[in-house]
Amino acid sequence: RAQADPHRPRFHFVSPAGWLNDPNGLGLWDGTYHLFYQYNPYSPVHDRIHWGHATSTDLVRWTDEPVALVPGETGPDVEGCWSGVLVDDGGTPTIVYSGRHDGRELPCVATGSSDLRAWTPVEENPVIAATPPGVDVTAFRDHCVWREDGRWRQLVGSGIRGRGGAAFLYDSTDLRSWEYVGPLVVGDASIGEAGEPDWTGTMWECVDLFRLTAQDAARDVLVFSAWDEGVTHHPLYWIGAYEGDVFTPHRLGRLDYGGRHFYAPQTFQDVQGRRLVFGWLQEGRPDAASLLAGWSGVMSLPRHVTLAPDGTLAQEPAAEVSLLRRGGIRTVPGRLSAGERRVVAITGDQLDLEIDVVLTAGSSLELDVRAAGPVDDAAGERTRLLLERDGGGAIMLRLDRSRSSLDAAVDATPRSGEVPTEPDGAVRLRVIVDHSALEVFANGRPLTARIYPTRPDATGVELAASSGAVTVTRLESWHMADAWDHRSRELWPGT
Ligand code: DQQ
């Protein structure tokens with residue numbers, strides 16, 4: 001049933017059936033990439049979470065592996081095995097995760113067989129039995145674990161009631177017994193409002209600390225997902241300095257302009273030294289539609305994260321994504337004057353587009369994907385992306401989903417964010433369409449969304465100058481191949 005759903009992506013990772021949320025335990029082990037994920041194999045709802053598992057040698061074509069973590073019949077993870085990480089404990093694959101028990105989260109550890117297929121929770125679980133003494137926490141879950149000066153360090157995501165999100169720091173020599181060091185950094189939920197795109201939330205989910213270097217500069221980055229009272233808001237990051245036992249934040253950034261549609265990201269470093277990130281593309285259709293479809297949740301494509309010259313983060317799809325490209329078409333559309341519209345010579349619901357455009361002040365480029373029907377047809381569908389350059393030179397990327405679907409029940413919230421500018425107004429736009437998954441990158445800034453066109457002919461691509469003149473110096477487009485044989489997954493995980 002899930003495989004027949006026209007909204008099911010074909011080259012983004014999705015679970016064989018049931019529910020998928022956060023990426024977990026990302027890593028490279030003996031030359032194989034491992035993607036674990038929050039998984040309910042029995043139904044497309046978030047309930048009694050397992051760890052699903054898939055492997056790949058190229059980051060884009062995945063093989064399903066047996067379920068890795070199963071909630072215990074009793075004990076600290078009886079209600080679920082929530083998010084965590086994979087570490088190499090002197091050759092032993094080891095997972096640090098949040099057990100769920102009585103509505104609380106308890107840090108747990110499991111060790112794996114050398115092929116990472118069989119996992120056993122350790123006897124010492126929970127490895128941290130109580131939250132930090134004297135601190136009134138809102139929640140206590142998700143882990144970032146690393147080696148430093150001959151010991152293990154760990155961050156647990158949390159929030160301090162009445163203040164804001166927090167990351168708590170712990171030390172250990174054996175991953176089993178942990179000593180509380182203190183709060184690494186605490187946010188301030190009173191800055192801004194809950195609906196604002198950079199509000200830092202009352203709790204931080206999926207904290208992830210890493211260092212990036214570019215030229216001679218090194219920056220520490222703390223990625224987190226801003227959460228409040230059962231509501232998943234958006235992924236953010238602090239750029240700052242991690243020294244001793246504190247992280248001093250210097251500036252806050254939005255990791256993705258799609259809000260909750262790129263949530264709970266986790267990063268890891270591969271052998272080439274690349275910092276890669278995956279995130280969870282939440283659904284934008286009602287739960288009843290997911291129940292009917294039999295599946296929920298999409299994993300993003302792998303993204304390469306770098307430090308941009310302006311000190312913010314830049315993201316691009318990892319180079320391996322190009323392995324799925326088929327039959328490229330390259331054109332030079334040239335100058336489009338105000339109001340001019342062109343139909344692009346590719347159609348489909350599995351596409352990769354690269355567009356280089358130069359925007360003059362006051363001009364804007366419109367790109368419609370998954371388009372059906374004439375442009376002003378009320379019975380038509382189209383998902384609209386806009387790149388707008390104002391008189392002062394600032395460029396905004398906007399997503400307009402108001403006509404993405406004739407189904408009024410799906411999420412059509414507008415999304416937008418600033419695009420770093422080049423002196424000549426040039427923008428490199430990359431747009432990846434995979435059925436209901438949409439990933440957009442404009443000069444390294446991502447905007448991720450879900451779209452649910454109802455018309456089978458919603459496959460068109462159109463370009464227009466919606467105001468002023470724009471020059472499209474290059475347009476390259478590809479069809480994207482399926483990442484695996486979907487029919488073969490039907491029977492998994494073994495009925
Ligand atoms: N999802 C997990 C939690 C995490 C949240 C539970 C983020 O560990 O905080 O499935 O989506």
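The legends below describe close-up views of a predicted model of a protein with a ligand.

Residues are numbered from 1 along each chain as its sequence is written. In this predicted model, local features need pLDDT of at least 70 and side-chain atom pairs count only at pLDDT 80 or more, while totals for chains, interfaces and linings use all residues.

**View 1. Overall fold of the protein.** The secondary structure consists of 1 helix and 35 strands; helices (H or I, at least four residues) and strands (E, at least two) are DSSP runs, numbered from the N terminus. The radius of gyration is 22 Å, close to the 23 Å that the globule rule gives for 495 residues, so the protein is as compact as a globular protein of that length. Here the radius is taken over C-alpha atoms, and the globule rule is 2.2 Å times the number of residues to the power 0.38. Along the principal axes, the C-alpha trace extends over about 65 × 50 × 40 Å. Of the 495 residues, 49% are buried. A residue counts as buried if 20 or more other C-beta atoms lie within 10 Å of its own, as exposed if 12 or fewer do, and as partly exposed in between, with C-beta atoms placed from the backbone.

**View 2. The shell around the ligand.** The ligand is surrounded by 15 residues, of which Gln 38, Trp 82, Ser 83, Glu 205 and Ala 264 are the closest; a residue is near the ligand if its C-beta atom, placed from the backbone, lies within 6 Å of it. At least two residues of the shell come from each of β1 (18-29), β5 (81-89), β9 (137-148), β13 (203-214) and β17 (263-269). By class, the shell holds 5 nonpolar, 6 polar and 4 charged residues. Ala, Val, Leu, Ile, Met, Phe, Trp, Tyr, Cys and Pro count as nonpolar, Asp, Glu, Lys and Arg as charged, and the others, Gly among them, as polar.

**View 3. The open sheet that contains β1.** Five strands follow the order β4-β3-β2-β1-β19 in an open sheet with mixed pairing, where two strands pair if DSSP finds at least two bridges between them. Each of β4 (63-69) and β19 (295-296) stands at an edge with a single partner strand, so one side of each is left without a neighbour in the sheet. Strand β1 runs antiparallel to β2 (residues 32-40), and 7 bridges join the two. Trp 19 stands opposite Asn 40 of β2.

**View 4. The open sheet that contains β5.** Four strands in antiparallel pairing form an open sheet in the order β5-β6-β7-β8. Strands β5 and β8 are the edge strands, each pairing on one side only. Strand β5 is joined by 8 bridges to β6 (residues 92-101), and the two run antiparallel. The bridge partner of Gly 84 in β6 is Tyr 97.

**View 5. Backbone exceptions.** Most residues other than glycine have a negative phi, and most peptide bonds are trans. The peptide bond from Asn 125 to Pro 126 is cis, with omega near -5°, and Pro 126 lies in the loop between β8 (119-121) and β9. Glu 229, which is not a glycine, has a positive phi of about 35°. The loop between β14 (217-228) and β15 (231-243) holds Glu 229, which is exposed, with 10 other C-beta atoms within 10 Å. Ala 264 also is not a glycine and has a positive phi of about 55°. Ala 264 belongs to strand β17 and is buried, with 26 other C-beta atoms within 10 Å.
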